Amino acid sequence: MSTTTGTQRITLAKAINLGLRRALESDPKVLLMGEDIGALGGVFRVTDGLYKDFGADRVVDTPLAESGIVGTAIGLALRGYRSVCEIQFDGFIYPAFDQITTQLSRMHYRSQGRLSLPVVIRVPYGGGIGAIEHHSESPEVLFAHTAGLRVVSPSTPADAYVMIQQAVASPDPVLFFEPKGRYWDKGDVDLDAPLVDASTGETGLDRAVVVRPGTDLTLVGYGPTVGTCLKVADAAAAEGTSIEVVDLRTLSPLDAATVAESVRRTGRCVVVHEAPVLYGTGAEVAARITEECFYHLQAPVLRVGGFHVPYPVSKLEHEYLPSLDRILDAVDRSLAY
Amino acid sequence: MSQTGPLTDSGLVQLLTPAGVRVEHPDYSPRIAHLDADALRGMYRDMVLVRRFDNEATALQRQGELGLWAQSLGQEAAQIGSGRALAPQDYVFPSYREHGVAHTRGVDLADLLRLFRGIDHGGWNPADHNFHLYTLVIASHTLHATGYAMGVQRDGLVGTGDPERDMAVVAYFGDGATSQGDLNEALVFSAVNNAGLVLFCQNNQWAISESTTHQSRAPLADRGPGFGVPSVRVDGNDVLACYAVTAEALERARSGGGPTLIEAFTYRMGAHTTSDDPSRYRSSAEEEYWRQRDPIDRLRALLVAEGELPAEFEAGLDADSDALGERIRAAVHAMGRPSTSSMFVHVYAGPNAIVDAERAWFQEYEASFLGGGEGAHR
Ligand SMILES: Cc1ncc(C[n+]2csc(CCOP(=O)(O)OP(=O)(O)O)c2C)c(N)n1
């Protein structure tokens, strides 16, 4: 159980693994729960090695029942434990939907703040991996629509490492959406990164960040689409368009202020996500941006995302997902106003 | 492997030992008495063909022709034995590994691969075979099967005494599925409604990396009685015993006697799917133990001992297996790519303003690439 330090170039999956290891080391009340997370290390190997090092009491291979996983995590939380639940794939969170929405989200509220449920639910989500049905979905908005839950999604290994630890430390329940298509993307991670900013005392878990500055248009993404947005910015730069990319990082709370600050400078905004656009994050961002900086807008806020169809068969998923071309098309349409 | 708890092999109905020797059973032997040598050779043939298909599909996945494959390897007796006990009018709700049952329902095995190739969420017309689409969400379909059986009751198709009319409904699921609320609710609903349902659990001892000991302290069949559902544990690698216990449960269902829980104690000889690596969680000694109990070898030993496996039959079966392998391969290669606009079809029964607008936009967008040259999209 050696604690690694310094900066390392690791995958997003490994970053979460190391973040979970840190959380297990620093708080004996932290537990991991889920299907196949023990000896197997999870189907994506995110918990690889943790069962061996922390044992079956702290890294728990649960029975195959998502409602049971979340429901018992709630009970454990009432008893002072901090469970990090792994839902094997996005499409299998629904058996737990009742526990999450009717119990987990509102215990703090119902008890007038006397009870808190610091439960983290990790959900590998998103498509592009050629999977069969129910393995490529983006249900994050269902949870963002539910008061009492935090909903976050990292896009880089560095963020993933810090954000998972902040999620575990959070007194609120957190839905932690992991972009599974980016699990094997590598990035530099400062393993000694602080979880709280020493000067402000804040975690930043509720903040969006500008990941690439630009002047002509604000491109907003999160999780799996941030990387695509950065590629779009590169392609647009080659044609003389300067795109600013904002990584939302959190859907609940939504940091509309950071987006608005950017749009006041650029005058244009395109929001990108894999989830369907209908009633999606893009709709919320568009409404808020319209309200907050109407007179700065030179074009309507546009959205690029999934269609109002069930996630299609994998041979068609690249047409469904917001591709470089589809985002560039929206950028062109915005600039043409 | 003499174990206790859910992995004990005691209390299993067995009509054929692992060495292929017949065992007499007062209740169940009569249920196979009519199976003559032709019928046994038919089951042997089914198992051999399904295994050949399964191996071919595994190879196709390795060659990149399928996105994923879930093998039925080792579970042929449970699937063929139960599947061959069904009547044409019975209705089956499979999970996603029931390739052998699909074969007994006359589904073209090649069609099973459409889902795994990523060109279809289903692959066949359930009404053509009384075989529902595969369900990937663990245990969901056990409630659908229960409701279907409740419909059959209302249609007056149980207890008429007419063997051509009375129908039963069967749901297949794994050991892991027994932990889901849905399966437990299926037990409750089928029991209180006295639904004509057979809940057929293939306890292949692994739910991906989790042994059945992660789902239960007691044998899975022990759960039935608490719900008021008669239950039976059967040697799932004994095709004759699987046939017999299923026949009994189907008869109960068709005659209005209500649901039955069957636990077929078998073994997943392969990986969970082609994405899985069993060496991370189970021993090769355990795999070897079960290789010695291969369901196909068992029936073969019986046929050989009874002098009922002529060389011509075996040669013919070999040739048919090869032909099946080639046919499957060719069929997969010939499977086209669905048109992109097909993604927008069948979301609703009729027109839908949002879907139609998105589809129209998408078609225009795609068309904008076709012109090429100046003004075309990147
Ligand atoms: C509700 C739900 N949760 C998780 C999964 C992911 N998953 C797919 S198969 C599987 C194990 C199933 O084991 P079992 O029921 O024993 O059936 P087997 O695959 O062994 O035939 C899991 C956890 C799923 N498909 N559905």
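Trainee: How much area is buried between chain A and chain B?

Mentor: This is a predicted model, in which local features need pLDDT of at least 70, side-chain atom pairs count only at pLDDT 80 or more, and totals for chains, interfaces and linings use all residues. Residues are numbered from 1 along each chain as its sequence is written, chains are lettered from A and ligands numbered from 1 in the order in which they are written, and side-chain values use heavy atoms, with hydrogens and water left out. Buried area is the accessible area (1.4 Å probe) that two parts lose on being put together, summed over both. Carbon and sulfur atoms give 60% of the area between chain A and chain B, which is about 3800 Å².

Trainee: Which residue of chain A forms a salt bridge with Arg337(B)?

Mentor: A salt bridge is a side-chain nitrogen of Lys or Arg within 4 Å of a carboxyl oxygen of Asp or Glu. The count between chain A and chain B is two. In one of them, with the closest N and O atoms 3.1 Å apart, the partner of Arg337(B) is Glu319(A).

Trainee: Which element gives the most to the side of chain A that touches chain B?

Mentor: Helices (H or I, at least four residues) are DSSP runs, numbered from the N terminus. Two elements each give two or more residues to that side, helix 11 (317–320) and helix 12 (324–335) of chain A. With six residues, the element that gives the most is helix 12 of chain A.
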